[in-house]
Amino acid sequence: MVNVIKIGGNVIDNPEALADFLKRFVALEGPKVLVHGGGKEATRMSRSMGIEAKMVDGRRVTDRETLDIVTMVYAGLINKRIVSGLQALGCDAVGLTGADGNSIPATRRSPEPIDFGFVGDIDPAKVNASFIASLIEQGKVPVFCAICHDGNGSLLNCNADSVASAVARGLSAVTPTRLSFCFEKPGVLMDVDDDTSVIPLITPEIFSDLKERGVVDKGMLPKLQNSLAAAEAGVAEVRICRAEDLGTESGTSIRLHK
């Protein structure tokens, strides 16, 4: 079973939390892939350069200037910080973008109804699963940031949850795969201000109800949409949990049926 794990949010921004997560990640048995976000770091970098980040429905609008910044931050600063941390723990990690090895091609999103700029959408069927699997077979641990490419020389900013889901779906075609979204909360919450209100199970029907009632919105929407898409595509297990609960049964399980 290959573990595909996505890390983001406050964990990446907190050096102590990140160090603790990396230890847990290394201790996780079996082959694994790490996918990371880094939006908050990119937002801070943008502001330091006098560029205010633009967000629509929890997704970043990426103009040419912003694309340069997120590429520097995601593929450079954050990716290499994580890779060096894993190497220090004896984990032979390899830092990658979706352009490397043509591993994750993407298509620039249509400007209608909202122009997100240089933002890409991923077709999981085009993920180069054989390339990723070959790295795993060599004992490497791929570490992907959320920068992909269109195959015509242009980089694209993709949602990190979408990258993780696509990688898990691609790998599931060649080997059993488990997908975990790790962030600072203990799971999907009924009340965002109450960490004890974890929703243990979400199915497509439950998701529709939660979305209609406004229980889940903004950044949680793409996370749940990608979780359900992965489950529908045959990923063996999908879970949303706190980073420190990685490898346990804690958090929210995403399944097609109760």
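Strands β5 and β8 run parallel and are joined by 4 bridges. Helices (H or I, at least four residues) and strands (E, at least two) are DSSP runs, numbered from the N terminus. The model is predicted: local features need pLDDT of at least 70, side-chain atom pairs count only at pLDDT 80 or more, and totals for chains, interfaces and linings use all residues. Residues are numbered from 1 along each chain as its sequence is written, and side-chain values use heavy atoms, with hydrogens and water left out.

The β5-β8 pairing belongs to an open sheet of 8 strands, in the order β5-β8-β2-β1-β11-β13-β14-β12, with mixed pairing. Two strands pair if DSSP finds at least two bridges between them. The edge strands are β5 and β12 (201-202), and each pairs on one side only. Alanine 93 has valine 141 of β8 as its bridge partner. Valine 94 is bridged to proline 142 in β8. Strand β2 (residues 32-36) also pairs with β8, in the parallel sense, over 2 bridges. There, phenylalanine 144 of β8 is the bridge partner of valine 35.

Strand β8 spans residues 141-144 and is covered on both faces. In a regular strand the side chains alternate between the two faces of the sheet. Val141 and Val143 are buried on one side of β8, and Pro142 and Phe144 are buried on the other. Buried means under 20% relative accessible area, exposed over 50%, and partly exposed in between (1.4 Å probe, protein chains only).

Contact means heavy atoms within 4.5 Å. Axes are lines fitted to C-alpha atoms, for helices over the stretch in contact, and angles run from 0 to 180 degrees between N-to-C directions. Helix α2 touches β1 (2-7), β2, β8 and β11 (177-183), and its direction makes about 155° with that of β2. Helix α5 (residues 129-137) touches β1, β2, β5 and β8. The direction of α5 makes about 135° with that of β8.

Helix α4 packs with two other helices. Two packed helices are described by the angle between their axes and the distance between the axes. Helix α3 (residues 39-48) and helix α4 (residues 64-88) cross at roughly 125°, and their axes come within 9 Å. That angle makes α3 oblique to α4; angles under 35 degrees count as roughly parallel, over 145 as roughly antiparallel, 65 to 115 as roughly perpendicular and the rest as oblique. The α3-α4 crossing is right-handed. A crossing is right-handed if the near helix is turned clockwise from the far one by less than a right angle, and left-handed if anticlockwise. From α3, the contact is made by Gly39, Glu41, Ala42, Met45 and Ser46. From α4, Ile69, Val70, Val73, Tyr74, Leu77, Ile78 and Arg81 take part.

Glu41, Ala42, Thr43 and Ser46 of α3 are buried. The buried residues of α3 pack against α1 (10-13), β4 (59-61) and α4. Glycine 50 follows α3 and has a positive phi, near 80°.

Helix α2 (residues 15-27) packs with α4 at an angle of about 55°, with the axes 10 Å apart. This makes α2 oblique to α4. The crossing of α2 past α4 is right-handed. Leu18, Leu22, Phe25 and Val26 of α2 meet Arg81, Ile82, Gly85 and Leu86 of α4.

Serine 103 lies in the loop between β5 (93-96) and β6 (107-108). Serine 103 counts as buried because its relative accessibility is 0%. Its side chain reaches the backbone oxygen of threonine 97 at 3.4 Å. Such a polar contact is a pair of N or O atoms within 3.5 Å; within protein, one must be able to donate a hydrogen and the other to accept it, and residues adjacent in sequence count only if both atoms are side-chain atoms. Not counting residues up to four places away in sequence, serine 103 touches Thr97, Gly98, Lys126, Val127, Asn128, Phe131, Ile132 and Phe144.

Serine 180 is in strand β11. At 7% relative accessibility, serine 180 counts as buried. Leaving out residues up to four places away in sequence, serine 180 touches Val4, Ile5, Lys6, Arg239 and Leu246.

Serine 110 sits in the loop between β6 and β7 (120-121). With 40% relative accessibility, serine 110 counts as partly exposed. Serine 110 and asparagine 79 are 31 residues apart along the chain, and their C-alpha atoms are separated by 28 Å.
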